[in-house]
Amino acid sequence: MIPFNKPYIVGNEFEYMRNAYESGHLSGDGKYTKLCSEILTNHTKTSKALITNSCTAALEMAAILLNIKEDDEFITPSYTFVSTVNAFILRGAIPRFVDIRKDTLNIDENLIEKAINKKTKAIVLVHYAGISCNMDSVLKIANAYNIPIIEDAAHAISSEYKNKPLGSIGSFGTLSFHETKNIISGEGGALLVNDQEYLDRAEIIREKGTNRKKFLDGEVDKYSWVDLGSSYVPGELTSAFLLGQLQNLESIMKLRISIWQKYYNSFSNLAKQGIIKIPSVPQYCKHNGHLFYIILKSRKKRDDFISHMKTKGIQCVFHYIPLHSSTYGIKILKNSPFLKNTEDYSERLVRLPLWIGIEKHLDYIINEAQNFFLKL
């Protein structure tokens, strides 16, 4: 079986992990965590990149930093991973789900303003597949209503909007280093703090609500509990692995984009014939080759395609079940919205395998996919 995803080693990951062990420092915020933070801060051009144990943790930190509380509301797409909303629901907030665009599958910026009311405390964007939302339009709305933006950039490291790194445009950005992402550490993430006024508190929240960083920096003679927080710091072994990946960031991106581009070129003719839809990349966006999907005519055809590929030893998978129609989504929403594009595309979208090392299998994967469509 050619798997949908396969973790990869590109540099000095194991050497750094061994060095971390031999140094005797395995808890967080040692040498390797700090080096990862420096690289990401420079790469994303943000005030500070705080390394966390997951993107989920980074989102939870953002919710605490914005003082999200019970009965607050936040605007977000339903076509996303559950962590995007869980971080705010844990604070007692209620999601206001907005439909997605037909071209990028990102939040439809033209529907955001209609969802705003006096309870709205945040707009939580998702840059799906590493392709940017229309940030100028969203910023215009957010600024008019004085609502902060959180960019869930879990898919989007190294992607850009008009030459600005995704995750660096809103008040906060969050990154993921889960094993399915472009840059990996098994589990892991980062909170990008773009507004300097939040930085001190972010470091406290990350350290279980204590001012431990000020103690380590010699600013106080002891540290204590001063705010809300949790254990959001990764261990040094995770950061050591991550450093090996980050040091090869540019080469990783080039390889993934080349794989993505081969898929795109190979399926463009089918897309022009209207047999399938393939990703659309607006001119304002530089993407990172995170994932490649095709959208078929119906759920049945999508399921048949997945079955066909499986018989050929190729694992293809669909993506999110819309959150508003999930069991818990229905439970917490007073009125479940009808989100036409979200519901439609979630039933017809399938993702093709994309990982470094798959290059030798690409021709086979593409040929078998095309054979399926020739039989339609």
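Colleague: Which way does the crossing of α1 and α9 go, left-handed or right-handed?

Modeller: Bear in mind that this is a predicted model. In it, α1 and α9 make a right-handed crossing.

Colleague: Why are α1 and α9 called roughly antiparallel?

Modeller: Look at the angle. The two helices pack at about 150 degrees, with their axes 8 Å apart. Angles over 145 degrees count as roughly antiparallel, and therefore α1 and α9 get that label.

Colleague: Which residues of α1 and α9 meet?

Modeller: On the α1 side there are Glu13, Phe14, Tyr16, Met17, Ala20 and Tyr21. From α9 come Glu236, Leu237, Ala240, Phe241, Leu243, Gly244 and Gln245. By class, that contact has 9 nonpolar, 2 polar and 2 charged residues.

Colleague: Okay, now α10 and α14. What makes them roughly parallel?

Modeller: Helix α10 (residues 249-272) and helix α14 (residues 362-374) have axes that cross at roughly 20 degrees and come within 11 Å. The cut-off for roughly parallel is under 35 degrees, so α10 is roughly parallel to α14. The contact includes Tyr263 and Phe267 of α10, along with Ile366 and Phe373 of α14. Its residues split into 9 nonpolar, 2 polar and 2 charged.

Colleague: How do you know that aspartate 29 is buried?

Modeller: Check its relative accessibility, which is 19%. Buried means under 20%, so aspartate 29 counts as buried. You'll find aspartate 29 in the loop between α1 (13-23) and α2.

Colleague: What makes isoleucine 141 buried?

Modeller: Its relative accessibility is 12%. That is under the 20% cut-off, so isoleucine 141 counts as buried. Isoleucine 141 belongs to helix α6 (residues 135-145). Leaving aside neighbours within four places in sequence, isoleucine 141 is in contact with Glu109, Ile112, Glu113 and Ile116.

Colleague: How do you know that helix α7 is mostly covered?

Modeller: Count the residues of α7 (residues 199-206): 6 of its 8 are buried. They are Leu199, Ala202, Glu203, Ile204, Ile205 and Arg206. These buried residues pack against α2 (31-44), β1 (48-52), α3 (55-65), β9 (189-193) and α8 (212-216). After α7 comes lysine 208, with a positive phi near 65 degrees.

Colleague: Last one: which residues touch the most other members of the largest nonpolar core?

Modeller: Leu40, Ile157 and Ile183, out of 47 residues in that core. Helix α9 (residues 236-246) gives the most to the core, with 5 residues. Leaving aside neighbours within four places in sequence, the contacts of leucine 40 include Ile157, Phe177 and Leu246. Apart from this core lies another one, of 34 residues, with Val85, Val124, Leu191 and Tyr198 among them.

Key: Residues are numbered from 1 along each chain as its sequence is written. This is a predicted model: local features need pLDDT of at least 70, side-chain atom pairs count only at pLDDT 80 or more; totals for chains, interfaces and linings use all residues. Side-chain values use heavy atoms; hydrogens and water are left out. A nonpolar core is a set of buried Ala, Val, Leu, Ile, Met, Phe, Trp, Tyr and Cys residues joined through side-chain atoms within 4.5 Å. Buried means under 20% relative accessible area, exposed over 50%, partly exposed in between (1.4 Å probe, protein chains only). Helices (H or I, at least four residues) and strands (E, at least two) are DSSP runs, numbered from the N terminus. Contact means heavy atoms within 4.5 Å. Axes are lines fitted to C-alpha atoms, for helices over the stretch in contact, and angles run from 0 to 180 degrees between N-to-C directions. Angles under 35 degrees count as roughly parallel, over 145 as roughly antiparallel, 65 to 115 as roughly perpendicular and the rest as oblique. Ala, Val, Leu, Ile, Met, Phe, Trp, Tyr, Cys and Pro count as nonpolar, Asp, Glu, Lys and Arg as charged, and the others, Gly among them, as polar. A crossing is left-handed if the near helix is turned anticlockwise from the far one by less than a right angle, and right-handed if clockwise.
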